[in-house]
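Open the model in your viewer and keep the selection panel at hand. We will go from stop to stop.

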Amino acid sequence: MNRVRLLILNAALGPLDYGLADGMDAPAGSVVIAPLGPRKVMGIVWDEGRLPGDEIAFERLRPILEVVPVPTLPAPLRRLIEWTADYYCAPLASVARMALASGGALGGPATMTEYRLTGAEGSGRLTAQRKTALEKLGGEQGTMRELAAIAGVSEGVLRGMANAGLIEPVTVAIDRPYPPADPDHHQPDLSPIQAQVAARLTDAVQAQDFAPFLLDGVTGSGKTETYFEPVAEAIRMGRQVLVLLPEIALTENFLARFTARFGAAPVLWHSSLKSTERRRAWRAIADGPENGGAQVVVGARSALFLPYARLGLIVVDEAHEISFKQDDGVRYNARDVSVMRARFEGVPVVLASATPALESLHMADIGVYERLELPARFGGASLPKVRLINLIEEKPGSGRWLAGPLIDGLRERLEKGEQSLLFLNRRGYAPLTLCRNCGHRFKCPSCSAWLVEHRLSARLACHHCGFETRVPDACPECGETDCLVACGPGVERIADEVRDLFPDARIALATSDTLNTPERAAEFIAMAEGRAIDIIIGTQLVTKGFHFPELTLVGVVDADLGLEGGDLRAGERTYSQIAQVAGRAGRGAKPGEVMIQTRHPDAPVIAALAEGDRDGFYAAETAARRDAGAPPFGRWAAIILSSEDEREARAAAARLGDARPRLADVQILGPAPAPLALLRGRYRYRFLVNARRSANLQAVLRDWIAAVPFPPGVRVGVDIDPYSFV
Ligand code: ADP
Ligand code: ZN
């Protein structure tokens, strides 16, 4: 028997030693089942000497029970797991679970049932619905749900058809191969500058060495078209590609373009995959491009931890997006982890954006990242003209939110048959509801947050915990009826105002409430492209990726919204959000215009947006960050303590505060009640840590926290490089 050390997939347990029976083959990276007391646990065989822990006597080693029959986790992934746990102060087991997709990919049945037409006459009456289904299904094969979507009938109708002998079940292997992508399916004509950038990236793919790139291209410059070339090269070389996208619900547009370029769809990975799809994708990724394994994987941030067999390139599209930052569980930033993964794999990584994060620009400035620029829009389209509307001078009517010039702009586009987009980053109808009679404000019972009215669903909802309640007829406080007032606008309210102004306009709301499935997103895109929508009203969801050639006016309803509150990244986020949504205008032949409503036209961010002075904005922001010792010049971390008991949370925070290390290069602010002092029924206190680059921030945090005993009801979260300050 041989000694092996396992990384046990249970955050409460450290690494444990086991015995590997002679004849049992389990190299590092193997997934195994081991006994633990009377239970069984899953673990990963780890490299010798890399996990600290006590060695138990050889005689007391218990033998590993079973090696799970899946490919081993490759060494670069094991290094990535170690690095992520160390850098983000997270338990190794929690990071490893992401690689195993919580184990869901490992077990389960190997086959599933799909259905197809039998071609037989069948019994029973041929109803209209059955007839449509027969016509639409043709040679299609799929699950009942998939076929129902294709046929446009309910699953009940299809089951009826199965009983009538029109549809038959077929048993298929879940791990069946994916259709191969053809790197030369359709080669576009790149512009000279696109071709130059593509050639540089293709060279890097051929070299198969770690090389980080910042693909800095204005909106509409054809970044996607350009990075498809190195993707094609990786496919030719039999290598795998990972493309990370910030918003997986809105990948329809990407999928269509990918399929047009490569003749087959990529492998999708995101959190709402069904377990059979998850298993199939995981195994295809681990198998590699030979034998029908995965070539190109398009995924949300969690795709970063999958066991790629032969990775050749990583692309992070819209790399500035803050949704790459995960804010629960393991708090990591997928943009930064992807650079580390590329380093461990020894492959190039491309961060693509029109408004790169300040940190990324800094890395390019100091020569760590190679900067590739696409300075102009493709096909000669010009960047939109920007105009500020000063809301103090141009007051909207009472209970109204759109100022005169913006209304005129909308009218003009309607008359010309062009599209407009109104952007307001607030879902629902109104962010606050109060009682006119007694002043009662509707709050979430488990969060310190107002309930947001959603008029479409007639609900009051908490955007932090998901709590929902019906809008009551009477005030719960004073009992008065007809006394509730909506305060402030959300997108639904803007839609009402637009409907009132332009009753004949065709309006679409684009938020995570209305476009919550890929099908709905696809339908919306088709309608917008087909010019069946005149005015789109949307949240941050519409700021990215969309390309609607007829869209010529973008109106920012409230540019000041993101600047409120003490968010340390507010300026940068506002800049990139508005620059991105502005980038939706005038992408086709017709020039675009952007109108920004603001109460602070002189604020540096707003002025920079008006002048299109990206460099000026970044320079000012960089100087401010340098003065404050903020990233990328210094480092930030947050510690969040929480408990269901307010007193316990406060006491724990005070105790941690008393134990704070006193170091010259680490400044600790707090504890203070978090801005979101109550979240999901837990009371929260925060520390903000600001360290110079000379400090070993992680070690300081670990030692500090480890020295303080906390009662079991207290949760301690560490957030390295935080993006959220609530
Ligand atoms: P970005 O991601 O930089 O905003 P996109 O990649 O979405 O830009 O490109 C903008 C539009 O221009 C898309 O419709 C794209 O298909 C088109 N386009 C870009 N480059 C080319 C090209 N070389 N040939 C044909 N169409 C292109
Ligand atoms: Zn809540």
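Select Asp17 first. This is a predicted model, and in it Asp17 counts as buried, at 6% relative accessibility. Arg5 and Asp17 form a salt bridge, with the closest N and O atoms 2.6 Å apart. The pair links distant parts of the chain: Arg5 lies in strand β1 and Asp17 in strand β2, twelve residues apart. Arg5 counts as buried too, at 15% relative accessibility.

Arg3 sits in β1 (residues 2-8) and Asp17 in β2 (residues 16-20), 14 residues apart. Arg3 is partly exposed, with a relative accessible area of 29%.

Next, select Asp216 and Arg371. Their side chains meet in a salt bridge at 3.7 Å, N to O. Asp216 is in strand β9 (residues 211-217), Arg371 is in strand β15 (residues 370-374), and 155 residues separate them. Asp216 counts as buried at 5% relative accessibility, and Arg371 as partly exposed at 29%.

Go on to Asp47, Arg50, Arg78, Arg79 and Glu82. Salt bridges with shared partners join these residues into one network. The structure holds 41 salt bridges.

Zoom out and colour by domain. The assignment gives domain 1 (2-83), domain 2 (111-173), domain 3 (192-378), domain 4 (381-426 + 489-622) and domain 5 (634-720). Between the C-alpha centres of domain 1 and domain 4 the distance is 53 Å.

Now select the zinc ion (ligand 2). Which protein atoms are its donors? They are the SG atoms of Cys444, Cys447, Cys462 and Cys465, lying 2.2 to 2.3 Å from the zinc ion. The four donor atoms subtend angles of 105 to 112°, so the arrangement is tetrahedral. Along the chain, the donors follow the spacing C-x2-C-x14-C-x2-C. Cys444 and Cys447 are buried.

Select Cys478 with Cys435. The sulfur of Cys478 has its closest cysteine sulfur in Cys435, 3.7 Å away, which is too far for a bond. Cys478 is partly exposed at 33% relative accessibility. Cys483 is in no disulfide, and its nearest cysteine sulfur, that of Cys435, is 3.5 Å away. Cys483 is buried, with a relative accessible area of 4%. The structure holds zero disulfides.

Last stop: helix α13 (residues 491-501). Its buried residues are Val491, Glu492, Arg493, Ile494, Ala495, Glu497 and Val498.

Methods:
Residues numbered from 1 in each chain as written. Chains lettered and ligands numbered in written order. Predicted model: local features only at pLDDT ≥ 70, side-chain atom pairs only at ≥ 80, totals over all residues. Heavy atoms only, no water. Domains from an automatic or database assignment. Disulfide = S-S within 2.5 Å. Buried < 20%, exposed > 50% of the residue type's maximum accessible area, 1.4 Å probe, protein only. Donors = N, O, S within 2.8 Å, 3.2 Å for Na, K, Ca; no water. Tetrahedral: all angles 85-135°; square planar, octahedral: opposite > 155°, others 65-115°. Helix = DSSP H or I, 4+ residues; strand = E, 2+ residues; numbered from the N terminus. Salt bridge = Lys/Arg side-chain N within 4 Å of Asp/Glu carboxyl O.
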